[in-house]
Protein chains: 2
Amino acid sequence: MTLATQGPVRVVGTGLLGASVGLGLSTRGGDVVLHDPSRTALALARDVGAGRPAGPDDAHPTLVVVAAPPDVTADVVLAELEAHPDAVVTDVASVKGSVLAELRAAGADLTRYVGSHPMAGRERSGPSAAVPDLFLGRPWVITDSGSSRPDAVLAVRALAVDLGAVPVSMDADAHDAAVAVVSHVPQVAASLVAARLRDVDEGALGLAGQGLRDVTRLAGSDPALWTSILAANSAAVRQVLVDLRTDLDAVIGALASADAATGPETVELGALATIAQAVAAGNTGVARIPGKHGGVQRVYGVVTVLVPDAPGELARLLTDVGEAGVNLEDLQLEHAAGRPVGMAAISVLPGSVEHLEAELTARGWRLVS
Amino acid sequence: MTLATQGPVRVVGTGLLGASVGLGLSTRGGDVVLHDPSRTALALARDVGAGRPAGPDDAHPTLVVVAAPPDVTADVVLAELEAHPDAVVTDVASVKGSVLAELRAAGADLTRYVGSHPMAGRERSGPSAAVPDLFLGRPWVITDSGSSRPDAVLAVRALAVDLGAVPVSMDADAHDAAVAVVSHVPQVAASLVAARLRDVDEGALGLAGQGLRDVTRLAGSDPALWTSILAANSAAVRQVLVDLRTDLDAVIGALASADAATGPETVELGALATIAQAVAAGNTGVARIPGKHGGVQRVYGVVTVLVPDAPGELARLLTDVGEAGVNLEDLQLEHAAGRPVGMAAISVLPGSVEHLEAELTARGWRLVS
């Protein structure tokens, strides 16, 4: 494979992201030198194939990728810009405006700096979790500093493309506003909903369904990392949370009005309309999320099938779906409370639903939908 | 199949739930008579096999199941108790306290009334969406009225068991408090987060990942139905939302403090601690959600595999997982932005991760995790 990225690439910070950048480039034939203040992290990154530790002969990288925690990223970028006066320097921190502001305040050479943010991650962290295809198909935001040289921007785009990502140009403030809405606020909301579960009894938890699991899945995230991210993007996140609180206040007020009434017929109509508007606004918002492959969201038909919880049953089901000539667009598994059986919700094009239902029934599957 | 449910069962309201009750009992050999104020809904329910329309000879059901919208449930239960003085009457509305309060206020015979709530549903509604196994493996809450005769409670438990559900005894207030936390508040949170997406530009939406999709999936729900549910459970839902708002206010305040500072090192430590506590509280809450099959949540290992978007590829992958002798515990599909490829996150017991990774790599699969 021929890389668009030229010359030695220096990766500073060999956690999950840095080591995956190194491993992705090395796997594709790139020359990668590594640096990390932790000798252990550095050795692990080398051992997984992310590159070789930087030595005295590695003073002249073409590109430096800073993959440090968000709160130290600006300091590390500044040091790298000064240590390597011919190199283009990028970082992969998940907040861009505060890094840029710190660099500008420190008088950094912004012509050679291009911020970036690959929208990729894993539940595990550290160099041993690195994989070369971490960025495959993921958006990789490229943020021009406002003074970035065109060749510097191209070098960072080339890095993203070499790693299989989809480069997306966006200025730092637009990036931060975007991730506040699509990532940081959903994280906060998941944590706040999950926090309500701390004190409920086990009987209540036994009624939990897939909806609760979906809403709270993000709530398992690392507090230290997220404190750093949310603090670094505080202005944008706060604005969205304040808007959310305005809607929340309206719903709480409407519920108080409904509660004060003695029966549904005496509830103020305005209160019910406020609740309905909140749910309808959610309908409008969720419909805007792009669907599979980044295209316009298509409304799929769903066929739900009972799947015995035995090895090979799900594979057999999907084989039958394939033999029915129907392309599976999405698949969700649900497990039934207290029973060795699950349900597979198979999303297919709407025109294929009837055919698939008939084929699966003929092959002995029990349909729930 | 021998049913525990005795004698003719009268189902009043032949939407999704009522028709599925009728279909489930009929399929298992039960005698079901149907009633619905809509002749169309009634005819559709009959046509899908849910039972026969009630005639003049069907005046003496043993059990009446009221499956009406939440805001008319109490009135219908009252009418059925009066029309059928020998029958046990239950309802399947998703809120129980307000129905019971209305019945009590109306002087209903609560010895023959037992509220219930099967935790089941589908994205489609109406009698044509009915399926006999809708309740299979789902919790079915049984709420004693406080005056319910033991044989009446047993009759409703038998109905749940006959339909494959798992009966769960809970009083009406405990039920309503539980569903406020595990269902109604997550619904509101999903709507509020999704509502933030109405006005962002498409570039921002292009950065949406699986986290946003999970948090907002419930936001596609029907505003009229949810207005009715939330209004009927207003006191319990409001209490949980008020608690949530207290935590939200703390996070917003902490972000304001972080924002006012000129750099991370000058942020008040208290502000960062508040943010970290909010995320940590979410960790604690989400860890309490029971896992697969209602047992204690197990921490699975996850192996993530690249899957070409071609018919049969996912089936081939799962066949290989089965042939590796590894039991798949859960499966999540993710799609890569702008690329005809997806990622399958396969959950397995932690001890099986290394073996599965080696087996799949040997069979030519590319691992992301």
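**Domains, chains and one valine**

Tutor: Let's start with a count: between domain 1 of chain A and domain 2 of chain A there are 0 salt bridges. A salt bridge here is a side-chain nitrogen of Lys or Arg within 4 Å of a carboxyl oxygen of Asp or Glu. This is a predicted model, where local features need pLDDT of at least 70 and side-chain atom pairs count only at pLDDT 80 or more, while totals for chains, interfaces and linings use all residues. Residues are numbered from 1 along each chain as its sequence is written, chains are lettered from A and ligands numbered from 1 in the order written, and side-chain values use heavy atoms, with hydrogens and water left out.

Student: Where do the domains of chain A run?

Tutor: Domain 1 is 9-170, domain 2 is 179-286 and domain 3 is 301-362; the bounds come from an automatic or database domain assignment. The contact takes 8 residues from domain 1 of chain A and 7 from domain 2 of chain A, with contact meaning heavy atoms within 4.5 Å.

Student: What area is buried between domain 1 of chain A and domain 2 of chain A?

Tutor: About 530 Å², with carbon and sulfur atoms giving 65%. Buried area is the accessible area (1.4 Å probe) that two parts lose on being put together, summed over both. A:P70, A:S94 and A:V95 supply 64% of what domain 1 of chain A buries against domain 2 of chain A, more than any other three residues.

Student: Why is the meeting of A:D249 and B:R245 called a salt bridge?

Tutor: Their side chains come to 2.5 Å, N to O. The cut-off is 4 Å, so the pair qualifies as a salt bridge. Across the interface of chain B and chain A the rule finds 8 salt bridges.

Student: What makes up the side of chain B that touches chain A?

Tutor: The largest share, 19 residues, comes from helix α10 (residues 234-260) of chain B. Helices (H or I, at least four residues) and strands (E, at least two) are DSSP runs, numbered from the N terminus. In total, 130 residues of chain B are in contact with 130 residues of chain A, and the area buried between the two chains is about 11300 Å².

Student: Why does A:V89 count as buried?

Tutor: Its relative accessibility is 0%. Buried means under 20% relative accessible area, exposed over 50%, partly exposed in between (1.4 Å probe, protein chains only), so A:V89 is buried. A:V89 lies in strand β5 (residues 88-91) of chain A. Leaving aside neighbours within four places in sequence, A:V89 is in contact with residues including A:V64, A:L81 and A:Y113.
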